[in-house]
Structures are given as structure tokens and as C-alpha cells.
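Please read each numbered point with the model in view.

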Amino acid sequence: MPTMYAASVGVFTKMLTNLAAILDKTQAFADEKKFKADTLVGQRLIWDMLPLSFQIQNCTDHAKGAAARLAGRELPSWPDNEATFADLRARVQKALDFLATIKPEDVNGSEDREMVLTYRGNETRMRGEDMLFNRSLPNFWFHYTTAYDILRSNGVPIGKRDFTG
């Protein structure tokens, strides 16, 4: 079985690096087609889903949140105020910069450590391994995939290799 570090920080770092490259490709596509990439920030897959900005905010939130909790660090709090495409690109880089501060020895051995999560005023306690595999990774993948799908559905020429890296 992979280490907790490899399964968390390793996965988040690889996939957010891929997301950064996808956002770079998106900017190049917008430049080539002569439209403002900022128009994509509010795009949705369908009317009742949240926009690209929300997907990227939540993708990065799950990555930094899981890494911080597993490492026993204070949870970084970032305002969700990204309004431009450049803001979204900066948010992904900020998450990558944070993940770079987490070392294997900070996370490995956190499988049985109690994690306390508070959501909408409700506190939930669970083991580190359960938090990672049953909450953080599924949520990360959902928002990562939805961000990819929004960009792809808007014509950005990306494919499976961009998604997986």
C-alpha cells in the first residue's frame, strides 16, 4: 500500500500540476481564438451546477485541507474571491506552493490520527485514513473532473493525457 504522503500530497501535487498546465492551455486557446479567458470563470456544465471558479476553489480546498489535517497543521483559510482567469491560475499555484511545504514525515503515520472536520457548524471526527480515502480524495476528484469538463465543453483542446498528466 502506498504511504499516506504518496496517496495525499503526492496525488494532489501531480493533479494540481496537471490542472495548472490545463489552465495554461486554456489561456493559449483563448489567445488563439481571440476571446477573454475571463469569460470561462463563470461557466457551468449545466444551469444548476456551480461555475468553474467554485470547482477550482473546492479542488484546491480539499487538497490543502487534507494535507494540513494529515500533517497536524492549522488549516489555511483562503477567501474564495477569484474573479478572473488569472486569479484561478494563481489559486492553483498557491495550493501547489502550500503542498510543497508538507514533507513525508509530516503525513506518514497519520492513518489512525483523529481528524476533526467542521462543516456548517457540525463537527465530525474520523481517522486520517478514512478522511483521506472517503472524503477528501472523492471530493477533490469530483471538483477536478468538473473543472476539466467545463473547460472541455467550452472547446478547450484538452484530452485524457492532459487530465492524467
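**Notes on the predicted model**

1. Arg127 lies in strand S2, where helices (H or I, at least four residues) and strands (E, at least two) are DSSP runs, numbered from the N terminus. This is a predicted model, in which local features need pLDDT of at least 70, side-chain atom pairs count only at pLDDT 80 or more, and totals for chains, interfaces and linings use all residues. Residues are numbered from 1 along each chain as its sequence is written, and side-chain values use heavy atoms, with hydrogens and water left out.

2. With a relative accessibility of 30%, Arg127 counts as partly exposed; buried means under 20% relative accessible area, exposed over 50%, and partly exposed in between (1.4 Å probe, protein chains only). Leaving aside neighbours within four places in sequence, Arg127 is in contact with Glu111, Asp112, Arg113 and Met115, contact meaning heavy atoms within 4.5 Å. Between the C-alpha atoms of Arg127 and Ala30, which are 97 residues apart along the chain, the separation is 44 Å.

3. Arg120 belongs to the loop between strand S1 (114-119) and strand S2 (122-127). Although Arg120 is not a glycine, its phi is positive, at about 55 degrees. Most residues other than glycine have a negative phi. The relative accessible area of Arg120 is 71%, so this residue is exposed.

4. In the loop between H1 and H2 one finds Lys34, another residue other than glycine with a positive phi, here near 60 degrees. Lys34 has 73% relative accessibility and therefore counts as exposed.

5. Ala37 is also found in the loop between H1 and H2. Is Ala37 buried or exposed? Its relative accessible area is 3%, so Ala37 is buried. Not counting residues up to four places away in sequence, Ala37 touches Gln27, Ala30 and Phe85. The C-alpha atoms of Ala37 and Gln27 are 6.0 Å apart, and the two residues are 10 apart in sequence.

6. Helix H2 (52-71) is mostly covered, with 17 of its 20 residues buried. At 1.5 Å a residue, H2 should span 28 Å, and its end C-alpha atoms are 29 Å apart, which agrees; the expected span is 1.5 Å times one less than the number of residues. Just after H2, Gly72 takes a positive phi of about 75 degrees.

7. Helix H3 (residues 85-99) has 15 residues and should span 21 Å, in agreement with the 22 Å between its end C-alpha atoms. Its buried residues are Phe85, Leu88, Arg91, Val92, Ala95, Leu96, Phe98 and Leu99. Seen down the axis of H3, these fall within an arc of 165 degrees, so they line one face of the helix; the arc is that of the directions from the helix axis to the C-beta atoms. An α-helix has 3.6 residues a turn, so residues three or four places apart point the same way. The cover over the buried residues of H3 includes helix H1 (4-33) and helix H2.

8. How do H2 and H3 pack, and at what angle? The angle is about 10 degrees, and their axes are 10 Å apart; axes are lines fitted to C-alpha atoms, for helices over the stretch in contact, and angles run from 0 to 180 degrees between N-to-C directions. H2 and H3 are therefore roughly parallel to each other, since angles under 35 degrees count as roughly parallel, over 145 as roughly antiparallel, 65 to 115 as roughly perpendicular and the rest as oblique.
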